[in-house]
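Colleague: Could you walk me through this one before I start looking at it on my own?
Modeller: Happy to, let me put it up first.

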Amino acid sequence: MNMKIIKWVGLIILTLGITFIFYVLNRDLPDENQQFLQDREWSFKREIKLQYRMRNEKIDTFSFFNCNDSMFLSLSDRLASNKQLVLFVPEEFCEECVTREYDNLRKLPADLQPYIMVVSAFSSIRNVKMWIQSKKIIYPVYNSKQLYQFELLNKSKQVALFVLDSTLLPQHLFLPSTLMPEMTLEYYDFIKSLFPNKDEKEFPTQKNTKVEANDYKKFLGDVTLNQTVTTTFELKNIGDCPLVIHKVNTACGCTVVQWDQHPVEKDKVASVTVKFTGQQAGFFAKKIFVFCNVEKNPIQLLISGKVK
């Protein structure tokens with residue numbers, strides 16, 4: 001009898017021991033999905049903080065040293081000709097990150113290539129020129145380490161992208177991250193809409209009209225993985241001239257768009273139908289750029305939701 005009790009007690013103790021060990025081994029293991037979301041949130045907060053601190057702070061073009069711009073003598077001359085998409089490279093940079101974004105820039109349309117430049121924050125001009133030569137950088141490079149804005153970016157030790165024009169105010173700051181590849185693609189797609197391109201030059205000259213939408217943003221709610229959902233934006237022509245949609249760009253292949261390709265008369269509605277397929281679990285926000293004959297071109301639409 002005593003032996004049976006001892007066996008049962010031993011079995012209970014063994015079971016409790018195994019359970020305890022299992023708990024200890026697993027309680028400190030981070031939830032990968034939760035960690036991913038936390039990293040994304042941290043990246044968002046850092047970018048917002050930098051945007052806030054850089055806002056309304058004009059750069060001093062006299063502090064920039066021309067390292068390899070053979071077309072213009074100074075940054076002021078370059079910005080006076082047209083706005084520029086800037087790749088910022090800190091002194092202590094991630095080699096893989098810089099290479100990735102440089103390759104992304106090289107993939108942009110040929111018409112956009114003349115409007116791309118690099119700003120570095122190296123302490124030595126000699127190091128900048130050695131880096132340009134070793135990496136065979138084809139874009140104009142200007143170096144400055146005296147500016148408040150670039151001190152902030154330099155401390156982040158991460159590459160950054162922004163737009164700079166004759167106002168000397170950095171705009172559309174973006175910190176590329178491997179955690180958000182879809183947002184990086186959307187950023188480059190947005191950048192394409194800011195600069196002149198061959199397609200836009202081929203559009204016939206038309207008088208501008210005015211448009212109002214039933215909604216510029218639509219929340220699609222929960223979307224099942226690999227499910228396709230459809231929504232329609234309605235653009236009402238409230239101007240005096242016919243509305244003509246020349247083209248519609250999307251950020252990625254998961255979003256397909258159809259639109260009315262005939263002129264839309266005054267007080268009539270043009271439909272832009274968006275089909276989204278949930279290809280990856282998590283929250284999503286996809287921009288749609290509608291190029292048409294309105295003053296603020298392109299019109300930006302947005303769909304968002306969560307893929308489960």
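Colleague: Let's begin with the open sheet of four strands; what is its order?
Modeller: The four strands of that open sheet follow the order β8-β14-β13-β10, and their pairing is mixed. Strands here are DSSP E runs of at least two residues and helices are H or I runs of at least four, numbered from the N terminus, and two strands pair if DSSP finds at least two bridges between them. Bear in mind that this is a predicted model, in which local features need pLDDT of at least 70 and side-chain atom pairs count only at pLDDT 80 or more, while totals for chains, interfaces and linings use all residues. Residues are numbered from 1 along each chain as its sequence is written, and side-chain values use heavy atoms, with hydrogens and water left out.

Colleague: What about β12, which strands are joined to it?
Modeller: Strand β9 (residues 228-237) is joined to β12 (residues 269-277) by nine bridges, antiparallel, and K236 stands opposite V269 there. Strand β11 (residues 255-259) also runs antiparallel to β12, through five bridges, with W259 having V272 as its bridge partner.

Colleague: Switching topic, how many residues does the largest nonpolar core have?
Modeller: It has 31, and those with the most contacts inside it are L85, L105, V118, W131, I137 and I191. By a nonpolar core I mean a set of buried Ala, Val, Leu, Ile, Met, Phe, Trp, Tyr and Cys residues joined through side-chain atoms within 4.5 Å, where buried is under 20% relative accessible area, exposed is over 50% and partly exposed is in between, using a 1.4 Å probe and protein chains only. Among the elements giving two or more residues to this core are β2 (84-89), α4 (95-106), α5 (125-135) and α7 (181-194). A second, separate core of 25 residues includes V223, V248, V264 and F276.

Colleague: What does W131 touch?
Modeller: Leaving out residues up to four places away in sequence, W131 touches V89, F93, V98, V118, F122 and I137, a contact being heavy atoms within 4.5 Å.

Colleague: Is N143 buried or exposed?
Modeller: N143, in strand β4 (residues 141-143), counts as buried because its relative accessible area is 5%. Its side chain makes a polar contact of 2.6 Å with that of S120 and reaches the backbone nitrogen of F122 at 2.9 Å. A polar contact is a pair of N or O atoms within 3.5 Å; within protein, one must be able to donate a hydrogen and the other to accept it, and residues adjacent in sequence count only if both atoms are side-chain atoms.

Colleague: And where is N293 found?
Modeller: N293 is in the loop between β13 and β14, and its side chain reaches the backbone nitrogen of V244 at 2.8 Å.
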